[in-house]
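Biologist: Can you take me through this model? I would like to start with the charged contacts.

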Amino acid sequence: MSRPEPLAGRTAVVTGAASGIGRALAVRLSAAGCPVAVADVDEPGLKQVDLPGPALRRTLDVRDAAEVSAFAAEVRDWAPAPLGAVFNNAGVALGSSVLGAVPADDDWLHEINFRGVVNGVRAFLPLLVAQDAGTIVNTSSVYGLIGVPYQSAYCAAKFAVRGFTEALRQELRGSGVRAATVHPGGVKTGIARNARFRGDPEGRGRTHEQIAAEFDAIARTTPERAAAIIHKGVDRGKARILVGPDAYLVDALARLAPTHYWDIVAGLRRRR
């Protein structure tokens, strides 16, 4: 495979761009000279993203394959420069025990976190293959590396993103198109506050705000830092992009203690 081309100056697509990592990515890439096509279901939030360069903004539900395909066609016709990368980044969260899970909640999460990624890949991959260049960048998580209590739906979706992308990577061998998975650790975004909440899954009586505050307390990486790591990883042609020191720790634990990593993680959390 040829050496990767830097993203600067090439068109980028970012879903989930109204907030968090997606927003920081869009701003960073626009500042680097990339025309940026941004999409999110949150139309007011999307309008507030300040992009200094050429931009295409579209309200988009990544669960709708037809909508995503129409967005890809619009990007193809609009793009003022070759397509450099497609960041399938949109995602949501919820917390529940397996025993107490509400199937409709699990389905909602899977449709966004996994099916939304698949829809993005299927819509944009033909454009990348036609130009024989560019990168599909799919956001998984450290929860796509280990299983986490009360996060069965989220882990299942993020493991699925990881497996889907790794299979795609093998199919693209010998071409100019790459596929990369992103595994963020704790990033200071609104994902915990915007999660679906039906009560404390651990039965400790915590409110939604208290659970979100606990997440914020252990999330050490800013969205801007996460965007910088992802941008540099894509420029370097990395296939797996770990975001944050906690992501490196989790990755190591998953390899070294594949059946006992949670004992170590739980111990570290208690100490904090």
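Predicted model: local features only at pLDDT ≥ 70, side-chain atom pairs only at ≥ 80, totals over all residues.

Biologist: How many salt bridges does the structure hold?

Modeller: There are 17, where a salt bridge is a side-chain nitrogen of Lys or Arg within 4 Å of a carboxyl oxygen of Asp or Glu.

Biologist: What does Asp200 pair with?

Modeller: Asp200 forms a salt bridge with Arg206, at 2.8 Å from N to O.

Biologist: Is Arg206 buried or exposed?

Modeller: Arg206 is buried because its relative accessible area is 11%; buried means under 20%, exposed over 50%, partly exposed in between (1.4 Å probe, protein chains only). Asp200, at 13%, also counts as buried.

Biologist: And Glu202?

Modeller: Glu202 also forms a salt bridge with Arg206, with the closest N and O atoms 3.3 Å apart. Glu202 is partly exposed at 38%. Shared partners join Asp200, Glu202, Arg204, Arg206 and Glu214 into one network of salt bridges.

Biologist: Switching topic: how many residues has the largest nonpolar core?

Modeller: It has 48 residues. Such a core is a set of buried Ala, Val, Leu, Ile, Met, Phe, Trp, Tyr and Cys residues joined through side-chain atoms within 4.5 Å.

Biologist: Which residues have the most contacts inside it?

Modeller: Val13, Phe71, Leu109 and Phe124.

Definitions and conventions
Residues numbered from 1 in each chain as written. Heavy atoms only, no water.
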